[in-house]
Every structure is written in C-alpha cells, then in structure tokens.
Amino acid sequence: MEYLTAVIRHGSLRRAGEHLHVSQSALSEAISTLERELGVPLLERHRSGARVSREGRDLLPLMTEILAGVTQLKAAARDHARTSRAIRVGTVNAGTSVLLVPTVREFGAGHPNTSVDVATMFQPEIEEGLLEGRLDVGLVNVFPGDDIPAVLHRTTLLHGTPAVCCRTDDPLAAQARISVDDLRARAFVGMRPGYLMHRLAQRLFGGDPPPETYSADGAEMGKSLVASGTGPAILPDYSIAGDPLEMAGLITMRPLAEEVPPVMMVLLRRRFDRVPPAILDFEETIVRLARST
C-alpha cells in the first residue's frame with residue numbers, strides 16, 4: 001500500500017522508486033502481490049510503462065487511512081516504551097509570533113513530558129509530511145477554494161486579508177491605501193515560490209514586477225527585512241498585527257488599493273477515528289488562542 005500510494009503521488013513507478021530508493025521491479029512485484037490479495041487490478045501495465053488503474057485510485061483514500069492508522073499504532077507503541085513524546089509541527093511561518101509561540105508555551109506548561117518540534121516548510125512539504133506520517137500537525141495559509149487533500153482534517157484558525165507591510169517611517173505608511181503601482185516603484189520583499197503570498201504577488205504584478213525584488217523564506221524573515229528598510233512586503237494582516245516588530249513601532253500595515261482575496265490560516269492533521277490525546281490537546285489549545293486573537 002505504501003508503494004502504490006507513492007506511485008499515485010509521484011505519477012510513475014520510476015519516480016516513486018527514486019523517492020523510496022526501491023527498484024521499479026521490486027515496486028511492481030509488491031503491488032502485484034497486493035493485487036492478488038485484493039482481487040482487483042491496481043496498475044495498468046503497458047510496454048511504455050505502468051500507471052495506476054481506476055480501482056487503485058478509488059481505493060487510495062482507504063489505503064491512506066489504513067497507513068495513517070499504522071503510523072498511529074507505531075507512535076502509540078513508542079509512547080508506551082518511553083515517558084515522553086514529541087508533537088511534530090510544520091508551519092509556513094505566517095502566524096508564528098502571534099499564535100504558534102503562545103500555543104507552544106501554554107501547551108508545554110500543561111504537558112511537561114511532551115515536547116513540540118516546529119519546522120518551517122512550504123505548504124506542499126507540510127501536506128506530504130502529514131500524509132506520510134512525518135508530521136502530526138500543519139499550519140498553512142489558503143485562499144478560498146484552494147484544494148486540501150480529503151484525507152486531511154482541516155480547522156480554520158484565523159481569517160484575514162493580504163496587506164502591505166512597511167516600515168513606520170516609510171512614505172508608504174502615510175497613505176491610506178497602497179496600490180500595486182506604488183509597490184512597483186520600490187524595492188520589494190517577496191516570498192519565495194511555494195508560499196501563498198508569492199502566488200498573490202505574481203498575480204498582482206503580472207508581467208511587470210518591481211525592478212528590485214528580494215526573496216524571503218517566510219513571513220518572519222520578510223518582516224525582518226521590512227524592518228531593516230529593505231522594502232515593503234505583502235503579508236496576511238494577522239501575521240503583522242501583534243508581531244513584536246509591530247508592537248515596537250518598527251513596522252505597520254496598510255490595505256492594498258486593489259481587490260484581493262481573503263486569506264485563512266488553517267490547521268491540518270491526518271484524520272483519525274481516535275485522535276491521539278496529545279495532538280487533540282494541542283489542537284484545542286491553538287483553536288482557543290486563535291479565537292481570542
């Protein structure tokens with residue numbers, strides 16, 4: 001099932017084999033064994049290669065659920081073998097200061113034997129980590145209508161609007177609204193490809209981006225560059241409000257003159273029939289703090 005899921009995710013036996021470090025023949029033979037057990041074809045094999053059958057795709061959600069259950073079982077077994085465990089969190093970094101840091105602090109105070117390991121990642125990496133069991137929780141930003149894998153449980157934490165983040169002494173801060181043309185005339189701090197705000201900036205600037213653009217690896221780095229005077233950035237407003245740099249009077253935000261879609265921060269985790277208690281407590285903590293933000 002792990003092999004077949006990898007073939008579906010990566011699109012071919014060759015790419016799945018490279019990702020898993022397993023030969024194509026071993027992949028094909030393992031999937032053939034599963035086909036004989038289930039009595040249905042999972043791959044359509046041709047001279048030019050093999051692709052997943054309709055039956056294989058139909059069974060994918062159930063197989064993913066089973067694999068998640070296996071991961072949960074292994075984690076539970078490890079918990080019995082030790083007194084502490086870690087909750088692995090992947091985040092795109094937009095709500096670290098105002099939401100994730102307070103959550104980790106409060107959760108840690110009530111769970112002294114459970115640590116929280118936080119890693120900054122791109123959204124596709126977070127979704128893949130959750131699907132493969134390498135992460136327990138993910139925090140991502142989405143626009144309305146963005147696709148989230150059906151096997152992941154989704155909880156909306158924050159609602160906001162993309163806004164321009166600039167230094168408080170920047171001439172842009174004196175404007176009630178900031179246009180895309182205003183931003184084109186300046187050095188601009190953009191997000192690297194893979195972040196939601198990079199996608200928005202590409203849409204706003206089209207084929208005429210600012211002549212000087214700096215790429216930041218996430219909102220926290222972006223706000224630091226803004227505070228240093230590098231240039232303005234476009235970020236979710238909930239990433240700016242309450243940030244230490246904003247509270248210190250170094251950065252501020254102004255709405256865009258152009259119409260932009262709303263943005264949401266959502267919590268993702270694998271779907272369980274029974275959510276592990278530590279993950280459930282972490283989720284309840286961050287949801288409660290988000291509602292009070």
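This report describes an open sheet, a helix, salt bridges and a surface patch in a predicted model.

## The five-stranded sheet

The model contains an open sheet of 5 strands, arranged in the order S4-S3-S5-S12-S6 and with mixed pairing. Strand S4 (114-120) and strand S6 (152-160) stand at its edges, and because each has a single partner strand, one side of each is left without a neighbour in the sheet. From one strand to the next, the twist averages 20 degrees.

The pairing of S4 with strand S3 (residues 85-91) is in the parallel sense and runs over 7 bridges; within this pairing, Gly-90 has Ala-119 in S4 as its bridge partner.

The salt bridges in the model number 16. In one of them the side chains of Arg-88 and Asp-136 meet at 2.9 Å, N to O, and this pair links distant parts of the chain, since Arg-88 belongs to strand S3 whereas Asp-136 lies in the loop between helix H6 (123-131) and strand S5 (137-142), 48 residues apart. Arg-88 is partly exposed, with a relative accessible area of 23%, while Asp-136 is buried, with a relative accessible area of 3%.

Another salt bridge joins Arg-186 to Asp-170, with the closest N and O atoms 2.7 Å apart. Here too the pair links distant parts of the chain, 16 residues apart: Arg-186 is in the loop between helix H7 (180-184) and strand S8 (188-191), and Asp-170 is in the loop between strand S7 (162-167) and H7. Arg-186 counts as partly exposed at 27% relative accessibility, and Asp-170 counts as buried at 10%.

## A salt bridge within a helix, and a network

In helix H2 (residues 13-20), Arg-14 and Glu-18 are 4 residues apart, about one turn of the helix, and they form a salt bridge in which the closest N and O atoms are 3.2 Å apart. Arg-14 is partly exposed, with a relative accessible area of 43%. Elsewhere, Arg-54, Glu-55 and Asp-58 are linked in a network of salt bridges.

Helix H12 (residues 277-291) has 15 residues, and its reach of 21 Å from first C-alpha to last is close to the 21 Å expected at 1.5 Å a residue. Its buried residues include Ile-279, Phe-282, Glu-283 and Leu-289.

On the surface, Met-1, Leu-62, Ile-66 and Val-70 form a nonpolar patch that has about 310 Å² of accessible area together. Leu-62, which lies in helix H4 (residues 54-81), is partly exposed, with a relative accessible area of 48%.

Technical notes:
Residues are numbered from 1 along each chain as its sequence is written. This is a predicted model: local features need pLDDT of at least 70, side-chain atom pairs count only at pLDDT 80 or more; totals for chains, interfaces and linings use all residues. Side-chain values use heavy atoms; hydrogens and water are left out. Patches are made of residues with over 30% relative accessible area and no salt bridge: like charges are joined within 9 Å, nonpolar side chains (Val, Leu, Ile, Met, Phe, Trp, Tyr) within 5 Å. Accessible areas come from the Shrake-Rupley method with a 1.4 Å probe; for residues, only the protein chains shown count as cover. A salt bridge is a side-chain nitrogen of Lys or Arg within 4 Å of a carboxyl oxygen of Asp or Glu. Helices (H or I, at least four residues) and strands (E, at least two) are DSSP runs, numbered from the N terminus. Buried means under 20% relative accessible area, exposed over 50%, partly exposed in between (1.4 Å probe, protein chains only). The expected span of a helix is 1.5 Å times one less than its number of residues. Two strands pair if DSSP finds at least two bridges between them. Axes are lines fitted to C-alpha atoms, for helices over the stretch in contact, and angles run from 0 to 180 degrees between N-to-C directions.
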